[in-house]
Protein chains: 2
Amino acid sequence: MSKKIVIVGGVAGGATAAARLRRMNEEDEIVVLEKGEYISFANCGLPYYIGGVITNRDALLVQTVEGMSKKFNLDIRNLSEATSIDREKKTITVTKVETGETYEESYDYAILSPGARPIVPPFEGLEEAENVFTLRNIPDTDQIKAWVDERKPHHAVVIGGGFIGLEMAENLAERGIHVQLVELSDQVMAPVDREMAGYLHEELQNNGVELILQDGVDAFLDRGKKVKLNSGKELVSDMTIMSIGVRPESELAKDAGLTLGERGGIVVDEHLKTSDASIYALGDAVEVKDYIQNTPTMVPLAWPANRQGRLVADHIHGKNVSYNGTLGTAVAKIFDLTVASTGNNEKTLRRLGVNYEAVHVHPASNATYYPGGAAIALKLLFDPETGQIFGAQAVGRKGVEKRIDVIATAIKGKLTVEDLPDLELSYAPPYSSAKDPVNVAGYAALNIIEGEAEIVHHHEIDDIVREGGTLIDVREPEEFESGNIVGAINIPLGALRNRLEDLPKNKPIHVHCQVGLRGYLATRILKNNGFRAINLSGGYKTYSTATK
Amino acid sequence: MSKKIVIVGGVAGGATAAARLRRMNEEDEIVVLEKGEYISFANCGLPYYIGGVITNRDALLVQTVEGMSKKFNLDIRNLSEATSIDREKKTITVTKVETGETYEESYDYAILSPGARPIVPPFEGLEEAENVFTLRNIPDTDQIKAWVDERKPHHAVVIGGGFIGLEMAENLAERGIHVQLVELSDQVMAPVDREMAGYLHEELQNNGVELILQDGVDAFLDRGKKVKLNSGKELVSDMTIMSIGVRPESELAKDAGLTLGERGGIVVDEHLKTSDASIYALGDAVEVKDYIQNTPTMVPLAWPANRQGRLVADHIHGKNVSYNGTLGTAVAKIFDLTVASTGNNEKTLRRLGVNYEAVHVHPASNATYYPGGAAIALKLLFDPETGQIFGAQAVGRKGVEKRIDVIATAIKGKLTVEDLPDLELSYAPPYSSAKDPVNVAGYAALNIIEGEAEIVHHHEIDDIVREGGTLIDVREPEEFESGNIVGAINIPLGALRNRLEDLPKNKPIHVHCQVGLRGYLATRILKNNGFRAINLSGGYKTYSTATK
């Protein structure tokens, strides 16, 4: 018997569900309600169209209403907002956006894919400002692009250093606009930890983006031409992008009495069913489980929405499929840098009180003798007892997201850090080294688990030195001269074996080098000679970046 | 108690073992015997130095004898060949290469890391030819580079289309030399299957390399200035590179009575011990287990050698570690193309009589609306019953080896093709799509396992049409016009639902599109309307490339 399925929201997960539903069955009636003009557009490409990297606006329209309707035999209705659900009658009230007319649409199953919308607090002066924008959809994009093209702004303020804020900062800067990026916390790109964000801060500044951390908007003055911050600072702005985060569009679900989570996301079970067995929900609007910790979380990213769209369609068609939680694997381009991450970060683990350990390594993306290689700052978080991988973060110029994808796959395969050295990854000089960066991170973690290496972290070392600890910098004198940790004594690695008598045996010796490798070798020499030696994980590079 | 460990061979795995042994223990006497002048050099970089991509010769010398001796407190002896082993006495006879002097060196443990040498059959005229080279080490490299720099050859012949042959063909071509590449089989790059090699053939030819397949050397004429092939063809040659393969340097092991495998590799157990408990062996000279099939094989690659070096050192120091077999994950750059593979290829599976299925997909490396993306030809081999992943191959211009590394990791994590759609991989427009190519391959395989899609392969379709089968090409008319399969009928996907009455219900309908996706959609429409529909895996692209 054929079914009638109504999908609310025709972008990302909603569009995926619709296409999959049709592939499963030719007879079902599939209605897609989209309140905007466009369906299935390239949300993630919008900043790049504004920046001129993507030049063809049509390229953003992945599927058109007409094209997709025909290809998949769907009843797609754009400019049609689902305004209420009568769960008893199994009907949805649809309001035509242009006319305000309403009508009822019945369903056997409803799929809610409403997405999330930018958070815009009611700042003083905001209503009078015509130069403040948010970026969610094609009309937003057209507005911002027109403003840039026609008004030729000199100064832009971007509020919020998340994915959209960073991508907009880059794209506006690429258009020659002076950008000030304002972020309430002490770092951009919340998915990575503070010391990893240091590389991004540096890259932004090197590309002319002015970073204003630990500050936020207080008010918009002079019709938005000035942005007053909490600190009292006033920024001149020809245009302001508000990108402080998103909030699930869960009002429809809430009004229908469906269960919502603490942060306003629609609660769904492992089959993506809401508290009403005839209504599924997916995408940015739903609360998901953190794949690692099983705690509730919200992850407004494209991969989960897409995956969930498929699974909902399959589940409606009787397949016993489940969505097993979200790792939050993510990547962003920040000028010439790539930053990527998967799983839990250190902030999360600390907040949850999880027993974890972290290693920082800086292997080269590919053979150092082959041109174009660049160091990758790679951080791996794991359980020091079981070796379970909690998460990883990486920043660099080449091969960054590859390593995060490999680790994300290792997590799904329930591999531990002990398995990482065993990953047989492809090597030729343009692509990697015989020991891939992921192998290197695995070795570093394994050395700790097996008690072969003891480490200390970038944020602990100043206190240790202050309290009279011994810190040996095993780099060469030139490296030491060009920047060092206060209190460190320089004994190059090559000289260490001849200087053992100078070192105290009654207390631990902390050592460090530039990136961690020579420091590790030094700890092995010391340890094998009866000292207790502790290496600074990630070396001077991680230490010095953590405060950038 | 301290031990004395003698390592035969100071490159790759031997050097790794030496360094690791020292990290494990400061007291042991560690002797490294290397018959060549150089240790631990960048074997994989040699072609690129000849080609001028790597300009600094010193960069090839990853470790020098002096530097490494000092850094790791090792007794490294270059130009010192181990010429025999007395296993009773536990001594190795060492011959000084320059003087012929010999002496004996005792050991508690010996580690054999002799590598493999290029196979050079005794071709007629070879002895008189001074322009025929093999490439294994720094002196070979110096010779070839000097020849190119000084003699300025116009015509080069490369014999053998494996890694070294292809890299040399590219690097000689980059120096402006006309290259003819001669390969005995019907394809270059044996690790991938014939239809995947088609992309490489095309790329080589587009870059001026003349491909001569299914032909081999018969004799060298005129002091090597002519290369006569088995076909009778004679090639003018100013220089010839012999790169038809390598053979393990296992004579020392053989003479010492250690067990060798059928192909001449040193047989080792899972701890890399030879048939003598005091002698370990590793690298290109040993026989390993195929990770997937557990059959014996030889895989002369850098990753296994490096990994094994570490494991041998650890095992000597009492760690219960094992080497679990080799996947053979590999990658090569062929001009602007990248080709990568892991696990078993179709040729191997067929030879072993394994029940397998293959899918070919052609997803884009990253969002198609973002500049710089390019299709990846991705082939996935799997068990149609259990979903076990047997192997994967990929060719393209961007993001190729990333996908193979992800699949190699999935294999190590014992994930099946059913898990591939669930891999949460990083996405932003410059890097991937919301559905990553690996997810796409997983969906394609899963559709087959679940009976949702039936496929036919590129090598089967001509016979099917010849025997009266129905083949529908669902591409647009322009695409059909620009090249099609003989016997195919063009019904574009968008018109299919209106043309159902024209199609036979009493026999299977084969369909194809350009890359496989629209073909799959067509089979779903047909199947849901009561037809038996079979899609050509990989579409016209795979079909047409298979004969290139």
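Predicted model: local features only at pLDDT ≥ 70, side-chain atom pairs only at ≥ 80, totals over all residues.

I looked up residues 437-449 of chain B, which form helix 11 with 13 residues. From first C-alpha to last I get 18 Å, close to the expected 18 Å. For burial I used under 20% relative accessible area as the cut-off. Eleven of the 13 residues of helix 11 of chain B come out buried, so the rest of the structure largely encloses this helix. Among them I jotted down P437(B), Y443(B), L446(B) and I448(B).

Ends of helix 11. Just after the helix, G451(B) has a positive phi of about 75°.

Chain B against chain A. How many residues does each chain bring to the contact? I get 75 from chain B and 75 from chain A. The area buried between them is about 7100 Å², with 54% from carbon and sulfur atoms. On the chain B side, W303(B), Y369(B) and E424(B) supply 13% of the area buried against chain A, more than any other three residues.

I count 14 salt bridges across the interface of chain B and chain A. One that I opened up joins the side chains of R307(A) and D422(B), at 2.9 Å from N to O. Helix 10 (residues 400-412) of chain B gives the largest share of the side of chain B touching chain A, eight residues. By class, that side has 36 nonpolar, 18 polar and 21 charged residues.

Definitions and conventions
Residues numbered from 1 in each chain as written. Chains lettered and ligands numbered in written order. Heavy atoms only, no water. Contact = heavy atoms within 4.5 Å. Buried area = accessible area lost by both parts, 1.4 Å probe. Salt bridge = Lys/Arg side-chain N within 4 Å of Asp/Glu carboxyl O. Helix = DSSP H or I, 4+ residues; strand = E, 2+ residues; numbered from the N terminus. Nonpolar A, V, L, I, M, F, W, Y, C, P; charged D, E, K, R; others polar. Expected span 1.5 Å × (residues − 1). Buried < 20%, exposed > 50% of the residue type's maximum accessible area, 1.4 Å probe, protein only.
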